[in-house]
Amino acid sequence: TVLNESKIQFYDGDPMVIGKECAIYMCIDASMGVKDPTCIWVWGIDKNGWKWWLDCVTRKMDPSKQEFHDEVYKMLIKWQTYGQRFIQIRVDAFGNQPWPELISAELRRRGVYAHIVHCTAVGTHSTLFGKGKVDRIYQRWSPMIERQEVRFPLPASKGGKVLLSRNSDGAVTDMVEWFLTSELRQFPGMRHDDMLDAGALLYDEKANKEYPLERGRDSMQKVLPKKRKVGTSYMSG
């Protein structure tokens, strides 16, 4: 395949356990509302800089409707709870699409806060595939795959825990299998690209320039006591 699947690492663990060691990023491709599938993708970045795919929801949802905001809210609360540190929500909003503002307002209405980052559909100029969107997906996905930084849940067909959601065709399925067979292996001629688009927001150029990616902290730092300084004040006497 063009995106080298052989360099993706697969893990057979509980994403909610792995998330406890990771800085969490939630990436949302709301596409064109009900015209195209929406994808909410959750990445965890550990202390080594590895990118762990932890969670995902993708199906046709109207970003102006309750169903969409319910999914965003549930995902946010889940990973604020299970992740080590929830960093931000990245939202792909091309042109004048109001999705970042709508998400921010709805979360505030529900009494929760998240750092919302407006991502653009603009990438480094390239004519590799002759299509701006396809070039952008490749520019963002290929380097982290080639560096072998990407960790995916083991597909159910290989004995892994099932990451279930409704796929772009509306059927409940293992999202890892769906992504590999319907998007990644079909690139650049895939029928759907909502998951590729959402996952790629981790390497949005403008967002990373303003907010460099953060890593999870070493868990030992959270349990070791701080060293006390030996002072020379009057209290030390």
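This is a predicted model: local features need pLDDT of at least 70, side-chain atom pairs count only at pLDDT 80 or more; totals for chains, interfaces and linings use all residues.
Which residue just after H3 takes a positive phi? The residue is Gly111, with a phi of about 85°.

H3 covers residues 99-109. Its buried residues are Trp99, Pro100, Ile103, Glu106 and Leu107. Viewed down the helix axis, these residues fall within an arc of 135°, so they line one face of H3. The face turned away from the buried side of H3 carries Arg108 and Arg109, both exposed.

Now the cysteines. The disulfide count comes to 0. Cys56 is in no disulfide. Its nearest cysteine sulfur belongs to Cys39 and lies 3.8 Å away, whereas a disulfide requires sulfur atoms within 2.5 Å. Cys56 is buried, at 1% relative accessibility. Cys22 is also buried, with a relative accessibility of 1%.

Step back to the whole chain. The protein chain holds 7 helices and 9 strands. Of its 237 residues, 49% are buried. Among contacts with a separation of 6 or more, 67% link residues 24 or more positions apart. The chain exposes about 12,100 Å², and carbon and sulfur atoms supply 53% of that area.

Notes
Residues are numbered from 1 along each chain as its sequence is written. Side-chain values use heavy atoms; hydrogens and water are left out. Buried means under 20% relative accessible area, exposed over 50%, partly exposed in between (1.4 Å probe, protein chains only). Helices (H or I, at least four residues) and strands (E, at least two) are DSSP runs, numbered from the N terminus. The arc is that of the directions from the helix axis to the C-beta atoms. Contact means heavy atoms within 4.5 Å. Accessible areas come from the Shrake-Rupley method with a 1.4 Å probe; for residues, only the protein chains shown count as cover.
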